[in-house]
Amino acid sequence: MTSFARPPDARLPDVRSQTREQLVALFTEWQQPTYRVDQLLHWLYATRATAWEKMSNLSRPLREKLAATFTLALPELVRKQGSHDTTQKFLWRLFDGQLIETVLIPANPALYGEASDRHTLCVSTQVGCAYGCQFCASGLDGFKRNLTPDEIIGQVLAVERWHQEQSVPAHVADPAPSEPPPAPKPAPASSKPRLINNLVIMGMGEPLANYDHLLIALRILNAPWGGGIGARKITISTSGLAPKIRQLAEEPLQFRLAISLHGATDAVRSKIMPINRKYPLAELTSACEYHVVRKGKMLTLEYILISGINDSLDQTSPLARLARRLHAKVNLIPYNTVEGLPWGRPTDEVCERFLQAVLKEEITATLRREKGHDIDAACGQLRLKTERELAHTPGS
Ligand code: SAH
Ligand code: SF4
């Protein structure tokens, strides 16, 4: 397996946390023409280079200057579950040894955004999570740290690079320095078909608790010179940080927003999501309403169905009322059981009955019905399992 690990002592900012504007300012200071920035960006986001010496059309002194100023790293693949054409889960090790997960989901029209002939990637934004939702594996070992923008972006690039290496021999995927340099003005990364054209910010962590890094990462992933992923193809999921939802409403980019509701009354929601005690439904709904009005965009209410907790039919009317008020669509998701947690998935009949009761209220709602949830489980579980296995391995 190729190792992309950042040296453990490196503390320089990563070059992938820099916007084009910042790099242009720096190159101007270094008396370098702007087209050199475009050449660099092509190496970073189209070639997904992981070594300065590969950037054969940049002079050696410039590469040395860049190497002295920035790190250039992608996360290191530790473990992968799943196979081609199914959901695949990647476990990455970061420069400080922390583990995070990314999930690659083949095209599924029922997911977020429009139907796609490519893939959706579910990325993490934090190591662990501080919000402690009762049913979720991500928060079980608490919160470790925020991801930096390059660690968020790196998940997309590392998966695309991994995919590239599966289909093309390494020397073609990453040209050797002696090969002829690419044209001076390379085409933007977005002009090539990319593996990932939908992004869901639904991996480990609470994205809006890492707001600034998330927004830097998303601007770069959206930029034509960067990830080239349309803002409308990027869905941010939050457990309900009301003030941050309002802040997001002021952003110029048109990201999609999904709310992890999981309870349509304060009594039910507070029982499973501690954040509801801080921002109860009235406050959350009003922040969502602000977002909907300000952005003119529909949002999605996510509702995991957990057996005996939130799957009773007395939740469907309050849920429909909320959805109606917010012009939202409802995504019902049968719970994925988590090792070590007592919660269970309702039967198919219970899920179907819940869906029909919501639909009867004339709300747009879908129920995720696919089978084979062995690795399809929400983020956080592979990391937890690996951390626990390592903890029980003598000498680790
Ligand atoms: N912290 C954010 C985003 C990450 S969680 C949030 O809570 O929205 C992404 C989604 O997975 C959330 O809707 C979350 O509630 C859901 N989830 C967590 N554990 C799950 C499980 N075991 N089964 C199904 N969905 C789960
Ligand atoms: Fe954190 Fe979201 Fe999991 Fe809640 S559901 S613990 S906010 S990752």
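Okay, let's start with the shell around ligand 2: by class, that's 5 nonpolar, 4 polar and 1 charged residues. For the classes, Ala, Val, Leu, Ile, Met, Phe, Trp, Tyr, Cys and Pro count as nonpolar, Asp, Glu, Lys and Arg as charged, and the others, Gly among them, as polar. The residues around ligand 2 are C129, Y131, G132, C133, F135, C136, S138, G205, E206 and S239, where near means a heavy atom within 4 Å.

Quick housekeeping: this is a predicted model, with local features needing pLDDT of at least 70 and side-chain atom pairs pLDDT 80 or more, while totals for chains, interfaces and linings use all residues. Residues are numbered from 1 along each chain as written, chains are lettered from A and ligands numbered from 1 in written order, and side-chain values use heavy atoms, without hydrogens and water.

Now, the rings. Phe, Tyr and Trp rings (six-membered ring for Trp) pair if their centres lie within 6.5 Å; planes under 30 degrees apart are stacked, over 60 edge-to-face, the rest tilted. That rule gives 5 aromatic pairs. Take Y45 and W225: the centres are 6.0 Å apart and the planes at 65°, so we call that edge-to-face. Both Y45 and W225 are buried, meaning under 20% relative accessible area with a 1.4 Å probe, protein chains only.

Then there's F90 and W92, with centres 5.4 Å apart and planes at 5°, so that pair is stacked. F90 and W92 are buried too, and ring pairs join F90, W92 and W162 in a cluster.

Last bit, charges over rings: NZ of Lys or CZ of Arg within 6 Å of the ring centre and within 35 degrees of the ring normal. K80 sits over the face of F90, 5.9 Å from the ring centre, and R246 over the face of Y290, at 5.3 Å.

Terms used:
Buried means under 20% relative accessible area, exposed over 50%, partly exposed in between (1.4 Å probe, protein chains only).
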